[in-house]
Amino acid sequence: ILRHAEDLFGHYGLSKTNMADIAARAKMSPGNLYRYYRNKQAIGIAVLNAFFRQSEAGMEAAMIGIDDPEVRIRAMITTGVRLLVGEMARNPKIMELVEFLLEEDEAWAHLQTHIGWKRDIVIAELERGMESGQFRKAEPRPTAVNLMHATKAFQMPQSLTAWREPETILPELDGVLDLVFGGLRG
């Protein structure tokens, strides 16, 4: 159901997709679809959650086998951005789903959970780097929040859709991370 809904949302947009479209694509009756989801918004939230879980799994996989805290943070953030850019290319109408995410309280709460997941990893890696002497001593939580703010433009679909030269997204992210980590090492 979610794969079909995601395809429809990405192709036609959230507003132009209805429960009957999703049911037909999933080869089930609309009534049966309502047994699983109360409405289209609930399906939208489930699609977003599936993306968050897939993204988190990809970011975790990118950090496997890496011991250096800086490299782990870079791998996590870069992988997350790469996955987001890929999703946006695959689903051109995904911005409607993002707008929905920003307007619906339940969807917003799931976004905050996803952001918190990333922030907690950054905090843990900063603490490791500070303990080892790789990073200067600072309060890990506010430092993690600031690092997330410094890279926000790269992690928000609204910013990425307006990027004039999409091929520069990852190199520019590397440049911002170089500045952030230069300050952390300083």
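User: Why is Arg128 called partly exposed?

Analyst: Arg128 has a relative accessible area of 30%. Buried means under 20%, exposed means over 50%, and partly exposed lies in between (1.4 Å probe, protein chains only), so Arg128 is partly exposed. The model is predicted: local features need pLDDT of at least 70 and side-chain atom pairs pLDDT 80 or more, while totals for chains, interfaces and linings use all residues. Residues are numbered from 1 along each chain as its sequence is written, and side-chain values use heavy atoms, without hydrogens and water.

User: What makes the pair of Arg128 and Glu125 a salt bridge?

Analyst: The closest N and O atoms of Arg128 and Glu125 are 2.4 Å apart. A salt bridge requires a side-chain nitrogen of Lys or Arg within 4 Å of a carboxyl oxygen of Asp or Glu, so the pair qualifies. Glu125, at 5% relative accessibility, counts as buried.

User: How do you know that Arg74 counts as buried?

Analyst: Its relative accessibility is 16%, and therefore Arg74 falls under the limit for buried. Arg74 meets Asp178 in a salt bridge (2.6 Å, N to O). Asp178, at 44% relative accessibility, counts as partly exposed.

User: Why is helix 1 called roughly perpendicular to helix 4?

Analyst: Helix 1 (residues 2-12) and helix 4 (residues 40-63) pack at an angle of about 100 degrees. Angles under 35 degrees count as roughly parallel, over 145 as roughly antiparallel, 65 to 115 as roughly perpendicular and the rest as oblique; helix 1 is therefore roughly perpendicular to helix 4.

Technical notes: Axes fitted to C-alpha atoms, helices over the stretch in contact; angles between N-to-C directions. Helix = DSSP H or I, 4+ residues; strand = E, 2+ residues; numbered from the N terminus.
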